Amino acid sequence: MEKEKVIRCRDVGFDCDGVIKAKTEEEALKLAAEHAKKEHGLEEVTPEVVEKIKSVMTEE
Ligand SMILES: [Zn+2]
């Protein structure tokens, strides 16, 4: 079975049990950014935020 990219919202720094899963890193980053905007009021996904998300991304 193919592995999925997994991002735990809590690891990014939010008090949240949200888990984002996607087939590709690109898709995972997009979904995580959308989640952060919608659920956590993040106004802008800065390069720093992208780096943070990448750094906590795992494969399962
Ligand atoms: Zn969240």
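Q: In what order do the 3 strands of the open sheet lie, and is the pairing parallel or antiparallel?
A: In this predicted model, the edge positions belong to strand S2 (19-22) and strand S3 (58-59), each of which pairs on one side only. Strand S1 (residues 5-8), for its part, pairs with S3 in the antiparallel sense. The open sheet therefore reads, with antiparallel pairing, in the order S2-S1-S3.

Q: Which residue stands opposite Thr58 in S3?
A: Strand S1, which covers residues 5-8, and S3 are joined in the antiparallel sense over 2 bridges. Across this pairing, the residue that stands opposite Thr58 of S3 is Val6.

Q: At about what angle to S2 does helix H2 run?
A: Helix H2 comprises residues 25-40 and lies across both S1 and S2. Strand S2 (19-22) is itself one of the edge strands of the sheet. Relative to that strand, H2 runs at about 150 degrees.

Q: What pattern does the protein follow when read along the sequence?
A: The protein contains 3 helices and 3 strands. Taken along the sequence, these elements follow the pattern β-α-β-α-α-β.

Q: Why can the protein be called as compact as a globular protein of its length?
A: For 60 residues the globule rule gives 10 Å, and the protein comes close to that value, so it is as compact as a globular protein of that length. The radius of gyration on which this rests is 11 Å.

Q: What percentage of the 60 residues in the protein is buried?
A: The C-alpha trace spans about 35 × 20 × 15 Å along its principal axes. A residue counts as buried if 20 or more other C-beta atoms lie within 10 Å of its own. By that criterion, the buried share of the 60 residues is 17%.

Notes. Residues numbered from 1 in each chain as written. Predicted model: local features only at pLDDT ≥ 70, side-chain atom pairs only at ≥ 80, totals over all residues. Helix = DSSP H or I, 4+ residues; strand = E, 2+ residues; numbered from the N terminus. Contact = placed C-beta atoms within 7 Å. Axes fitted to C-alpha atoms, helices over the stretch in contact; angles between N-to-C directions. Rg over C-alpha atoms; globule rule 2.2 N^0.38 Å. Buried ≥ 20, exposed ≤ 12 C-beta atoms within 10 Å, placed from the backbone.
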